Amino acid sequence: MERFRDKMLKVLRGIKNFVFSRDALTFLCFVLVAAVLWYGHAISSEREATLHVPVRYSGVPQDVYFEPALPDHIDVTIRDAGRRLIAQSEETPELTFDLSDQIKGNAGKVHIASEQIMQKLPSSLHGNGTAKMISISPDHIDGTYSERYNERKYTLPIETRKVPAGYRLILFPPQVEVTVRVSQSHYNDISAKDITVYCEYSTTNEDKLDVKFVHRSKFIKSVRLAPSEVQYLIEEQQ
């Protein structure tokens, strides 16, 4: 055990003597000079770098979404001197595209041409400066959009119509569940008062009546009834 300890102490003393020796200091100076020369060469020589340019979109209503999502950045690969590449990466701009003129109706497509992207990019990245553009991805942007809908549910009584005088209809069940699809931005702009459900008496021998509806709101996109037909009895009023 003591012999092992003596060997370890001898090794540690050797490392200490080397670190603080003239040879070690010379070696460290050589490494430092080499690093400085390498860095100077690196920032002065031409090389390639890919910049991740953020992309934002304006003029998109809250209830509109894209599937798949539009890209949130564009990769621009350029060639320039190392020091200028560093400066470019630190000053990467954010591109904003206004889509308000392209989003019309409940669904559709948008297109951003390569010329529009190039116009948004700083001229220092293409044609007006020392940088040479190697590639850009994507070079155009296409997207498909639709409106995002929410559903609201109401339980409403069924009105009866076209019933002969002196008679009344008894419905089974007397009410239905109404599911309404409405755009997200107009979710709070409708109520149960906007919808009427009803059945019309028929002289045919059908044992069921269809449940129908009317609505009085431009924000309602579709209506679903459950059940969509009901059984009934017709009886004479006393």
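Does Glu229 count as buried, partly exposed or exposed, and at what relative accessibility? At 36% relative accessibility, Glu229 counts as partly exposed. Buried here means under 20% relative accessible area, exposed over 50%, and partly exposed in between, with a 1.4 Å probe and protein chains only.

A word on the source. This is a predicted model: local features need pLDDT of at least 70, side-chain atom pairs count only at pLDDT 80 or more, and totals for chains, interfaces and linings use all residues. Residues are numbered from 1 along each chain as its sequence is written, and side-chain values use heavy atoms, with hydrogens and water left out.

Back to Glu229. Its side chain meets that of Lys208 in a salt bridge, 3.7 Å from N to O. The term means a side-chain nitrogen of Lys or Arg within 4 Å of a carboxyl oxygen of Asp or Glu. This pair links distant parts of the chain: Lys208 sits in strand β12 (residues 208-210), Glu229 in strand β15 (residues 229-236), 21 residues apart. Strands are DSSP runs of E, at least two residues, and helices are runs of H or I, at least four; numbering starts at the N terminus. Lys208 is partly exposed too, at 37%.

The whole structure holds nine salt bridges. Take Glu46 and Arg79: their closest N and O atoms are 3.5 Å apart. Glu46 is in strand β1 and Arg79 in strand β3, so this pair ties together parts 33 residues apart in sequence. Arg79 is partly exposed, with a relative accessible area of 31%. Shared partners join Glu46, Glu48 and Arg79 into one network.

Next, Arg224 and Glu151. Their side chains meet at 3.7 Å, N to O. Arg224 belongs to strand β14 (residues 220-226) and Glu151 to strand β8 (residues 149-161), so the bridge ties together parts 73 residues apart in sequence. Arg224 has a relative accessible area of 44%; Glu151 has 41%.

Now the interior. A nonpolar core is a set of buried Ala, Val, Leu, Ile, Met, Phe, Trp, Tyr and Cys residues joined through side-chain atoms within 4.5 Å. The largest has 24 residues, and Phe66, Val76, Ile117 and Leu121 have the most contacts inside it. Elements giving two or more residues to this core include β1, β2 and β3. A second, separate core has 20 residues, among them Tyr154 and Leu171.

Last, Gln62. It lies in the loop between β1 (46-58) and β2 (64-66). Gln62 is exposed, at 72%. Gln62 and Glu147 are 85 residues apart in sequence, yet 8.8 Å apart in space, C-alpha to C-alpha.
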